[in-house]
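Visitor: Can you walk me through this model? I'd like the local geometry, bit by bit.

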Amino acid sequence: MSDLPVHAIRTLSDQHPKPSHIHFQYGTAGFRTKGDTLDSVMFRVGILAGLRSKKWDGKTIGVMVTASHNPEPDNGVKLVDPRGEMLETSWEAHATALANAQSTDEFIAALDTFTTTMKIDLSKPAKVVYARDTRPSGPALVAALEDGIKAIGAEERDAGVTTTPVLHYLVRAINTKGTKEEYGDDSEEGYLRKLSTAFNKLVAGKPSIPPLVVDCANGVGAKLAKELAEYLGDTLQLIPVNTSTTTPGALNNACGADFVKTQQTLPPSLTSVLKPGQRACSLDGDADRLMYYYLDDRGQFHMLDGDKIAALSAAFIGELTKSAGLDSQIKVGIVQTAYANGGSTKYLSERLPVKCVPTGVKHLHHAAEKFDVGVYFEANGHGTVIFSPQSLEIISAYQPSTPAQSTALNHLINLTEVINQTVGDALSDMLMVEAVLAHKSYSGEEWDSLYVDLPNRLVKVVVADRNIFKTEDAERRLVSPPGIQAKIDELVRRYEGGRAFVRPSGTEDVVRVYAEATVRTQADELAYRVAGLVYDETGGHPAHRPL
Ligand code: G16
């Protein structure tokens with residue numbers, strides 16, 4: 001038996017029994033399911049975070065309690081590694097195994113095997129910082145998490161109620177404090193100051209920016225958006241709406257980034273707020289996704305999603321590196337998923353290297369690290385831009401030879417500060433977008449006209465067992481259940497510009513179907529026909545048969 005504090009773990013574990021009928025899975029964004037089933041998972045994640053910290057020689061590990069874009073009764077938890085990134089993929093299976101040990105004895109035995117095989121030195125110190133979003137189930141789940149942190153003897157820091165990106169920022173800031181890679185002051189104020197200072201410098205001297213309506217999804221983003229508004233002052237007037245964080249059932253309900261993306265429409269609550277010609281954006285429940293949109297002169301809604309944000313920002317960064325005289329040393333690349341609109345992939349790949357990876361920001365982040373500057377966005381608005389350590393060194397050591405180069409270099413430096421490079425961050429991305437729009441003097445309409453989106457439709461199918469769905473080729477093809485892909489191919493061939501794929505969700509108990517085609521009605525029809533096929537072939541729930 002290793003040196004685990006078995007007595008403390010046993011006593012506290014007995015207070016957080018695992019429900020017998022549930023199998024937990026560390027999926028696309030950690031554990032995520034109904035909030036009232038997660039007590040044992042939180043306790044065990046507290047222990048796992050402590051062990052991860054010990055494995056990293058006492059570096060601080062982050063834990064975020066959130067179910068992001070999912071409905072209010074859901075909750076979840078994700079671990080954040082020392083540089084502010086998502087948990088290393090190889091640990092996800094360990095997290096799943098530990099969460100599913102049935103009794104306290106089994107859990108302790110699993111922990112013992114785990115610490116031995118992973119060669120975790122239990123005498124090392126451990127530090128964990130955690131935060132939660134505004135969900136009603138949050139406080140009880142955090143209490144369970146704290147018990148886990150206590151059981152493993154880790155030092156804890158409660159970052160309170162804040163956004164997922166702030167928690168990622170804090171982890172990086174804490175772990176780089178006093179080093180030459182210092183990321184910023186390790187507080188929410190430090191985050192807000194860093195972003196707003198860089199933004200104010202970026203847009204100094206530009207024509208005044210029209211006010212921006214920010215739909216906060218009735219989530220924790222409301223708190224941060226209001227605080228950020230104070231820091232921005234007159235430079236950018238934010239108009240936060242959907243800020244009811246304590247109204248039961250309001251979170252992500254008919255508002256927020258996921259609503260806008262999946263319904264492709266204005267949140268009803270904004271109908272009387274948004275004027276023709278005005279742009280707005282929506283955050284999701286933990287403010288790590290961002291969707292933009294505007295009403296044209298006729299009052300018609302137009303969506304500017306993650307693909308459009310990627311196109312806008314990549315072009316701007318490319319122009320800045322060129323103007324600074326750094327374009328031969330710093331190359332920009334794009335990372336997308338299968339959900340990227342065909343219009344965007346065509347537009348971007350004619351200009352830049354584009355890589356396609358499976359859904360989940362962790363996959364995009366790792367692929368983006370291979371570029372000097374990696375711009376990664378999921379179509380749902382989840383993403384950021386990362387500068388490689390070498391690019392940052394080149395930028396900081398560079399001696400511009402003309403005033404124009406110097407100006408571009410300063411913009412580039414400020415951009416690296418305004419961007420939260422640890423993870424997708426709606427507020428940071430919003431400032432980046434606003435800075436680019438100000439520099440380019442673009443309205444929403446001009447930004448939108450970079451390329452034309454193909455009409456598309458995303459639908460969910462509730463099936464008996466989503467785990468039977470296995471994909472390949474960055475989720476663009478199904479390998480299991482056998483035979484379905486050939487039928488999808490057959491359907492797709494009948495639609496001009498048709499493309500469709502099917503994948504199991506990692507955050508909800510559903511299978512997702514995406515389709516696009518040259519004409520709106522055809523995209524809708526293709527999506528519903530593929531969804532019907534999935535339902536018929538795999539025994540979906542009758543109440544959920546797609547129309
Ligand atoms: C999470 C992930 C995203 C992913 C989304 C949907 O977002 O972080 O990368 O795109 O879930 O995933 P799936 O289709 O597998 O359910 P969030 O904003 O909920 O954390």
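**A loop, some rings and a helix**

Guide: Let's start with Thr 337, which lies in the loop between β11 (332-336) and α11 (342-349). Helices (H or I, at least four residues) and strands (E, at least two) are DSSP runs, numbered from the N terminus. Before going on: this is a predicted model, where local features need pLDDT of at least 70, side-chain atom pairs count only at pLDDT 80 or more, and totals for chains, interfaces and linings use all residues. Residues are numbered from 1 along each chain as its sequence is written, and side-chain values use heavy atoms, with hydrogens and water left out.

Visitor: Is Thr 337 buried or exposed?

Guide: Thr 337 counts as buried, because its relative accessibility is 3%. Buried means under 20% relative accessible area, exposed over 50%, and partly exposed in between (1.4 Å probe, protein chains only).

Visitor: What does Thr 337 touch?

Guide: Cys 356, Val 357, Pro 358, Thr 359, Leu 364 and Glu 378, not counting residues up to four places away in sequence. Contact means heavy atoms within 4.5 Å. Of that list, Cys 356 is partly exposed, at 23% relative accessibility.

Visitor: Cysteines, then. How many disulfides?

Guide: A search of the whole structure finds zero. The cut-off is a pair of cysteine sulfur atoms within 2.5 Å. Take Cys 255: the nearest cysteine sulfur belongs to Cys 216 and is 9.3 Å away. Cys 255 is buried, at 2% relative accessibility.

Visitor: Switching to aromatics. How many pairs?

Guide: The structure holds eleven aromatic pairs. One of them joins Tyr 26 and Phe 31, edge-to-face, with 5.1 Å centre to centre and 80° between the planes. Rings of Phe, Tyr and Trp (its six-membered ring) pair if their centres lie within 6.5 Å; planes under 30 degrees apart count as stacked, over 60 as edge-to-face and the rest as tilted.

Visitor: Are Tyr 26 and Phe 31 buried or exposed?

Guide: Tyr 26 is buried, with a relative accessible area of 8%. Phe 31 is buried too, at 2%.

Visitor: Which other pair should I look at?

Guide: Tyr 169 and Tyr 183, a tilted pair with 5.6 Å between centres and 50° between planes. Tyr 169 is in helix α6 (residues 164-176), and Tyr 183 is in the loop between α6 and α7 (188-203), 14 residues apart. Tyr 169 is buried at 1% relative accessibility, and Tyr 183 is buried at 9%. Ring pairs also bring in Tyr 191, making a cluster with Tyr 169 and Tyr 183.

Visitor: Which charged end sits over the ring of Tyr 183?

Guide: That of Arg 172, 4.6 Å from the ring centre. The test is NZ of Lys or CZ of Arg within 6 Å of the ring centre and within 35 degrees of the ring normal. Arg 44 does likewise over Phe 107, at 4.4 Å from the centre.

Visitor: Now α8. What span should its residues have?

Guide: Helix α8 (residues 221-232) has twelve residues, which should span 16 Å at 1.5 Å a residue; its end C-alpha atoms are 16 Å apart, which agrees. The expected span is 1.5 Å times one less than the number of residues.

Visitor: Which residues of α8 are buried?

Guide: Gly 221, Ala 222, Leu 224, Ala 225, Leu 228, Ala 229 and Leu 232. An α-helix has 3.6 residues a turn, so residues three or four places apart point the same way.

Visitor: What covers them?

Guide: The cover includes α6, α7, β7 (238-241), β8 (279-283) and α15 (426-440). After α8 comes Gly 233, with a positive phi near 55°.

Visitor: Where do non-glycine residues have a positive phi?

Guide: Asn 218 is one of them, with phi of about 55°. Asn 218 is in the loop between β6 (212-215) and α8, and is buried at 7% relative accessible area. Ser 441 has a positive phi near 50°. Ser 441 is in the loop between α15 and α16 (444-448) and is exposed, at 54%.

Visitor: Which residues does a cis peptide bond join?

Guide: Ser 480 and Pro 481, with omega about 0°. Pro 481 lies in the loop between β17 (477-480) and α17 (484-492). Most residues other than glycine have a negative phi, and most peptide bonds are trans.
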